[in-house]
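Trainee: I'd like to learn how to read a model like this one. Could you walk me through it, feature by feature?

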Amino acid sequence: MRIRLFATLRPLAGGKHADVPAEPGDTVHTVLHRLIEQHPALTGEVLTPDGQALLPHVQVFIGGESIRHKQGLDTVLHQVDDMAVFPPVAGG
Amino acid sequence: MTLTGYANRVARIDLTAASVAYEGINPDDARKYIGARGLGVKYVFDNGPLVDALSPENIVCFVNGPLTGSAMNMSGRLAVCTKSPLTGTVTDSHMGGWSAARLRWAGFDAVIFGGKAERPVYALAENGQITLHDASDLWGKGTRETVRILQARHGGSHVSVMAIGPAGENLVRFAAIINENDRASGRGGTGAVLGSKNLKALVAIGDMSAQWKPAPDKKDAVDSARKAGLKGIMEGGLTAPRKGGLSLYGTNVLMNIINEIGALPTQNGQASHHPEAERIAGEEIREKYLVEEPTCHACPVACKKEVEIKDGKYAGLRTESFEFESAWALGANCGHVDVPSITKLIDQCNDYGMDTIELGNVFSTAMDATEKGYLAEGLVWAQTERMVQLAEEIAHASSPLGKTLAKGAAGAAAELGCPELANSVKGQAIPAYDPRGIQGIGLGYATSNRGACHLRGYTVASEVAGIPFQTDRKVAEGKGELLKIFQDLLAFSDSMDLCKFSSFSMGAKEYADMYSSVTGVPTTDEDVMRTGERIYNLERYYNNLAGLGEGSDYLPKRFLTDPGTGGSTGLVSQLDVMLKEYYQVRGWQNGVVPPAKLVELGILSAAAAEAAATEEMGGAQPK
């Protein structure tokens with residue numbers, strides 16, 4: 001699946017997106033681990049050091065929906081289409 | 001005066017009489033309202049709520065906070081407070097850069113202008129004195145040339161100049177005051193108030209040798225508070241210099257995430273998602289257009305992003321700053337994502353002295369009106385060359401349409417016979433967050449004391465970014481209480497005067513420590529919130545007295561009835577649910593502050609409240 005990356009994650013991953021193997025039934029957690037395996041520079045930027053939780057203020061969206069308001073990292077992907085990952089962002 | 005940190009010097013200038021009087025800070029008011037926004041609102045309140053905003057009777061106050069110009073991080077700001085010609089409310093609009101610090105180093109907590117000069121003048125603040133000078137040669141000039149001339153005349157680039165351009169002179173209702181760093185007192189039409197007084201600029205000469213320093217026995221407390229604040233900034237995932245998203249991409253780091261969730265008002269709110277917004281986002285700007293990253297006094301974040309257009313008809317154009325709000329207002333909101341055109345329009349706003357947010361909404365309203373047949377030969381979506389031409393006509397009041405649009409989005413829409421097309425509240429147009437996609441910010445627009453505004457209560461931090469805790473942007477319940485917390489906290493930080501972005505890495509505890517270490521007033525985080533609440537209620541009370549009573553808190557109908565798109569497909573604002581909760585939490589009666597609340601917060605004495613209670617408030621209609 002294609003994972004779109006934003007802001008400070010882009011230079012770390014070397015591009016605007018990453019294509020990661022995924023299939024329906026995978027969890028977001030699984031897919032993010034594959035992303036980090038592909039791009040080790042993202043270690044510590046998306047998940048906590050133990051890899052078990054999303055870092056505070058990092059946002060992962062599936063179809064515009066934050067996984068924080070679904071089942072978090074345990075959210076199951078039903079359609080393998082599009083994911084967006086943002087580091088902490090705010091402004092005014 | 002037992003408070004430390006203040007210069008304890010306020011200048012009151014009667015422009016009609018060309019006279020200046022000096023006074024100290026009222027210690028009781030300083031304790032209750034702190035400085036900057038809070039104290040400025042108190043000056044405006046004491047001047048009376050019924051003055052015509054563009055009359056000599058109105059006052060305009062440049063007010064520092066006790067932290068302004070100090071070594072505290074993110075403290076390089078001042079508030080311009082007045083009665084707004086755009087909204088009829090009290091307003092405060094803050095500018096960054098170095099002007100605030102230099103005004104403080106020139107010896108002033110506040111400089112207050114009333115009356116109207118017989119001919120154009122500018123004021124010079126230096127060594128605790130204000131002098132008035134002829135500005136006839138500057139009238140008609142843009143802010144850039146005005147800055148160049150006045151800096152050359154008074155000593156060079158270390159001189160601060162806060163000036164209006166032709167928009168202010170021509171009383172454009174959303175005229176801004178711009179300083180030498182292209183930082184703006186942007187919202188609410190403060191520039192028009194200066195123009196109505198024939199006041200071209202306030203010049204401040206001061207250097208860091210005049211910076212406030214704590215007494216030896218207070219130095220440790222001040223250093224400790226400063227270092228705690230700095231630690232939050234340096235380690236914050238958002239603010240860390242050259243590492244955090246705000247530092248690297250500026251405010252425009254928001255463009256993609258706000259569009260992703262379907263909360264980017266597009267084509268005047270006809271949609272809430274723009275398919276190509278990424279082309280004007282901070283990431284794209286940093287990669288292709290960024291040339292410099294200047295910063296404000298005492299700020300390591302450097303969120304300002306100066307851009308240069310490399311080719312095309314605007315090749316060589318260099319301007320500061322390509323902010324999220326400006327990029328949205330003048331771009332996606334008007335149906336295009338052309339970076340050179342947006343840059344040109346921002347540059348015009350900075351030089352003519354206009355609010356980019358209101359101008360973008362003026363254009364999008366005119367485009368909507370043209371599409372719907374209210375405006376013949378008007379403006380069509382993405383008609384960027386015509387936008388540039390019209391910006392000039394508005395600022396110079398040089399065409400009939402320019403004069404109509406100079407009234408702001410709400411004023412222009414009313415004149416064109418389509419008031420429903422203006423996305424405005426209390427006469428001021430909305431910023432870049434769609435109320436359908438972020439419920440709390442819609443409530444924030446409705447209840448803002450200065451018209452639609454995201455900066456009064458930035459619930460986006462919680463609803464989108466999860467700062468300081470995550471809430472669900474789609475849920476209405478709980479947003480009344482959440483908004484009150486943000487409104488009260490930011491009313492306090494605005495009064496110190498700290499940058500809003502400090503709230504991404506600091507909270508009430510850090511604010512309390514900073515304030516108490518500088519002023520010597522023992523302060524807790526509860527005190528911070530209570531003081532913020534007092535300031536917010538004083539503003540609301542002013543507005544109530546100015547005629548904005550029940551029914552003044554609302555949203556444009558479009559956001560209540562027309563569903564959003566993209567990540568907010570099918571959503572509308574649930575304003576009624578949120579307003580009910582909000583009024584309950586505030587202790588207000590349908591938007592009106594009851595006398596008992598004014599007494600509880602120390603705004604009025606019991607006797608004064610009793611007298612006020614006997615007066616009819618009047619059921620004003622929203623403007």
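Mentor: Let's start with strand pairing: two strands pair if DSSP finds at least two bridges between them. Helices (H or I, at least four residues) and strands (E, at least two) are DSSP runs, numbered from the N terminus. In β6(B), B:V111 is the bridge partner of B:F62. The strands involved, β3 (residues 60-64) and β6 (residues 110-114) of chain B, pair in the antiparallel sense over four bridges.

Trainee: What should I know about the numbering and the model itself?

Mentor: Residues are numbered from 1 along each chain as its sequence is written, while chains are lettered from A and ligands numbered from 1 in the order in which they are written. This is a predicted model, where local features need pLDDT of at least 70, side-chain atom pairs count only at pLDDT 80 or more, and totals for chains, interfaces and linings use all residues.

Trainee: Which parts of chain B have pLDDT under 50?

Mentor: pLDDT is the predictor's confidence in each residue, from 0 to 100. Chain B averages 96, and 98% of its residues score at least 70. Residues 617-623 of chain B stay under 50. Where pLDDT is low, the predicted coordinates should not be read in detail. The model as a whole scores ipTM 0.97 and pTM 0.97.

Trainee: Back to strands. What is the strand order in the open sheet of chain B?

Mentor: Strands of a sheet pair through backbone hydrogen bonds, either parallel or antiparallel. In chain B, the open sheet of six strands runs β2-β1-β6-β3-β4-β5, with mixed pairing. β2 (19-23) and β5 (90-95) of chain B each have a single partner strand, so one side of each is left without a neighbour in the sheet.

Trainee: And where does helix α2 of chain B lie?

Mentor: Angles run from 0 to 180 degrees between N-to-C directions, and axes are lines fitted to C-alpha atoms, for helices over the stretch in contact. Contact means that the C-beta atoms of two residues, placed from the backbone, lie within 7 Å. Helix α2 (residues 36-46) of chain B lies across β3, β4 (78-83), β5 and β6 of chain B, at about 25° to β4(B).

Trainee: How do I read a hairpin?

Mentor: β7 (residues 121-126) and β8 (residues 129-134) of chain B pair in the antiparallel sense over six bridges. B:A125 has B:I130 as its bridge partner in β8(B). This hairpin has two residues between the strands, and B:N127 takes a positive phi near 50°.

Trainee: Is B:T447 buried or exposed?

Mentor: A residue is buried if 20 or more other C-beta atoms lie within 10 Å of its own, exposed if 12 or fewer, and partly exposed in between, with C-beta atoms placed from the backbone. B:T447 counts as buried because it has 29 C-beta neighbours inside 10 Å. Its place is in helix α17 (residues 439-447) of chain B. Leaving out residues up to four places away in sequence, B:T447 touches B:D553 and B:Y582.

Trainee: How many helices and strands does chain A have?

Mentor: Two helices and five strands, and from the N terminus on they run β-α-β-α-β-β-β. Buried residues make up 41% of its 92 residues.

Trainee: How many residues of chain B are in contact with chain A?

Mentor: 32 residues of chain B are in contact with 19 residues of chain A. On the side of chain B that touches chain A, the largest share, four residues, comes from α8(B).
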